[in-house]
Amino acid sequence: MNKIILIIKREYLSRVRKKSFIVMTILGPVLMASLMLTPLLMDSSDSELRTVWLCDESGLFEAEFNNTEAIRTKVFTESVEQVKLLFNQSDAFTLVHIPDTSSISISDLENNVNVYAHKPISFANKRLISRNIETVIESIKLKNEGLTRETINKTRASVSLNTIILDNSGTEKLGSTEIAMGLSMAGGFLIYIFIFLYGAMVMRGVMEEKTSRIVEIIISSVKPFQLMMGKIIGVALVGFTQFALWILLTFVLSSLATSYLMNPAELNPTELIDGAELILQEGANEQNVLASILTELQSINLSFLLLMFLFYFVGGYLMYGSLFAAVGAAVDSETDTQQFMLPITIPLIFSFIALQTILENPDSSLAFWCSIIPFTSPIVMMGRLPFDPPMWEIALSMVLLIIGFIFTSWIAGRIYRVGILMYGQKVSYKTLWKWIKQS
Amino acid sequence: MKVLEIQSVSKSYSNHLALDDVSLAVPEGKIFGLLGPNGAGKTSLIRIINQITMPDKGQILFKGQKLNSEHISQIGYLPEERGLYKKMKVGEQALYLAQLKGLTEKEAKTALRKWFERFEITPWWNKKVEELSKGMAQKVQFITTVLHQPKLLIFDEPFSGFDPINASIIKDEILRLKNQGTSIIFSTHRMESVEELCDHIALIDQSKKILDGPLNEIREQYKQQIYQIDFSSTELSFLNTLPEHLKLIKSSNNQAEIQIVDQSKASDLIRFLLDKSDLKGFEEKVPTVNEIFIRTVKENLS
């Protein structure tokens, strides 16, 4: 027991002290934060001044095309042919031509606005122009029907459903799937990522010991199984450390960045185009949303979900970790791993894909089987948990995962103990089977 | 007193028999040479002694006790296929390996300091293994093998990777350990080092033990009554007409090797030779381990 702790300590410290670990730990959150912030940055950085020429023969639209930070509007009253000639020689961004409405109906106008440009214009810019025109047309149409914008706004309705779960005993509880779904989806995804990242790390570690030929010295002091488990646990601790640091750093970084970028005093609604407008609208409702998230969070059995997450996280990792270790022991070089990696990665990828369909239909037989079979259950059961699957299914899935873990580490241990001492042998599935049978 | 008794051990892998009913006894405080051609089963046997693999049949006694995991700390093993963690620092790595053998960190540190000073490699303590040359790494490896003062040391080709100077340092260390009472199993292909070091040898070929005993006894046993004679003159034509019970093996300028084919004594040979010529030297030719090795393996083949 003492020796396995020594092994865990070495595996942990030697990895945590590596430069690549430190670099990845710092770079990870920077990447994550920049991923989250890029859309925001891109919206506010689109500040290149552009000139839009407006040739409005109808005379209705001039007032709608306001100058903004990004756009200067220049109105022309000359005929469209003349303006086009001028436009050709200018470096203006676009020329919007609105035909005279006396000759066509207002509905026909919708399809008769031409935009001239020197080069194809972006979707966002197109939207901007069409939105302006749409507003005018809508106002005219409303007026024709004898309505005002205020009336329309007043008649709008927005319904949010309060789901209440009525169980057999008649007690009611507020059920909310969205937040729970989001949480468990994230949980399943984390498990998936963790198994892949750190499983591969276990594999490389085993291969390193094998190719550096230190393994025979070590297993003359400890049992191969101890070495394998020590490595798997040590790498898991490395993973926990890295994840914890990532979460912490991402949180710090993104809160720093958002407070810097999203200073509310600097925000002016007219400066923001489409995408940002949406965020602002949400911002207005933020108070409400926050309150409802809080009540929803209270309704979810958070501690239960967290406990389950930890169980499936650790269980899934241990089960796959030993298989990764066995692959590392069976081969001599990274290039040979491919053939043995396939049966490990397929159930993982499958369960990740299944997870998304299962969210649509959490009580299907696919969902049932995938959440019972230990190879897919860590990821899939996480996705099913918010839909309150029967207790016996959860229990069965957990028991089977423990059995699955014991089974794979037994198999892996047998492959491992023979494999680490085999050099320069072409290993096939047949040889692996022989190793498993060998006493 | 036997430090290790191997009692009719057999081991087979999926497609071949690696050890077939092998029995050996390793005497205490001696150097025991474990010899055999490639693939004979030496490494299999050594791995069984180190409890890396289990025998299919038979058992092993360590100082009269059935071999178990308690004995790991009393055995030191330097495998033929050896290496160190490349990215780890020398001192840290040696500490780790010593602790795996059951030393406490403090014990290991003190012992390591002593050995590092002895080999004059203290400045390496904080170097990474990948910065060392192969010979340097081998020295570190040797230290980690003997550090925990095992009762039984197993060296598999200990001199490979060493230059002659370092090889002789290691040889002296092995002899010093033997004088301190450590029993040593020594597996090698370099027969001249067997002759220099071993007190006892065993030969394994094709999974079977074919020879076992104290080195001097075996050499006696393999003597073929061949005598090397130095003459003072170069006129040796009489050698071509030797009586029937004598056989000329080879002759050069003023030297010859003669084998006595029947039961007659060496003194009879001397008497016969004195009649013919002047003798400068007369010596019985004792077979080298190399000759014994080749002969027995060839005989075993046929």
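User: Which residue in E7(B) stands opposite B:Tyr77?

Analyst: This is a predicted model, and the reply rests on its coordinates. E6(B) is joined to strand E7 (residues 152-156) of chain B by four bridges, and the two strands run parallel. Within this pair, the residue in E7(B) that stands opposite B:Tyr77 is B:Ile154.

User: What is the order of the strands in the open sheet of six strands in chain B?

Analyst: The pairing in this sheet is mixed. Strand E6 (75-78) and strand E10 (208-214) of chain B stand at the edges with a single partner strand each, so one side of each lacks a neighbour in the sheet. On average, neighbouring strands are turned by 15° against each other, direction ignored. The order is E6-E7-E8-E3-E9-E10.

User: Which helix of chain B packs on this sheet, touching E6 and E7, and what angle does its direction make with that of E6(B)?

Analyst: The helix in question is H4 (residues 134-146) of chain B, which touches E6 and E7 of that chain. The direction of H4 makes an angle with that of E6(B) of about 160°.

User: Chain B also has an open sheet of four strands; which are its edge strands?

Analyst: The strands of this sheet follow the order E2-E1-E4-E5 (chain B), with antiparallel pairing. Strand E1 (residues 2-12) of chain B pairs with E2(B) over seven bridges, and B:Glu5 stands opposite B:Ala25 in E2(B). The strands that pair on one side only are strand E2 (17-27) and strand E5 (65-66) of chain B.

User: Through how many residues does a hairpin join E12(B) to E13(B)?

Analyst: Strand E12 (residues 246-252) and strand E13 (residues 255-260) of chain B pair in the antiparallel sense over six bridges. In E13(B), B:Ile258 is the bridge partner of B:Leu248. The hairpin joins the strands through two residues.

User: What share of the residues in chain B is buried?

Analyst: The secondary structure of chain B comprises nine helices and 14 strands. Its C-alpha atoms fill a box of roughly 75 × 45 × 35 Å along the principal axes. Of the contacts in chain B with a separation of 6 or more, 69% are between residues 24 or more positions apart. Among the 302 residues of chain B, the buried share is 36%.

User: Which helix of chain B supplies the largest share of the side that touches chain A?

Analyst: The contact involves 19 residues of chain B and 17 residues of chain A. By class, the chain B side has 10 nonpolar, four polar and five charged residues. Its largest share, four residues, comes from helix H2 (residues 90-100) of chain B.

User: Is A:Val222 buried or partly exposed?

Analyst: A:Val222 is found in the loop between helix H8 (215-218) and helix H9 (224-261) of chain A. Not counting residues up to four places away in sequence, A:Val222 touches A:Lys3, A:Ile7, A:Leu227 and B:Leu100. A buried residue needs 20 or more C-beta neighbours within 10 Å. A:Val222 has 19 inside 10 Å and therefore counts as partly exposed.

User: Over which residues of chain A is the pLDDT below 50?

Analyst: The mean pLDDT of chain A is 80, and 83% of its residues reach 70 or more. The stretch below 50 has 13 contacts in the model beyond near neighbours in sequence. That stretch is residues 265-278.

Methods. Residues numbered from 1 in each chain as written. Chains lettered and ligands numbered in written order. Predicted model: local features only at pLDDT ≥ 70, side-chain atom pairs only at ≥ 80, totals over all residues. Contact = placed C-beta atoms within 7 Å. Nonpolar A, V, L, I, M, F, W, Y, C, P; charged D, E, K, R; others polar. Pairing = 2+ DSSP bridges. Axes fitted to C-alpha atoms, helices over the stretch in contact; angles between N-to-C directions. Buried ≥ 20, exposed ≤ 12 C-beta atoms within 10 Å, placed from the backbone. pLDDT = per-residue confidence, 0-100.
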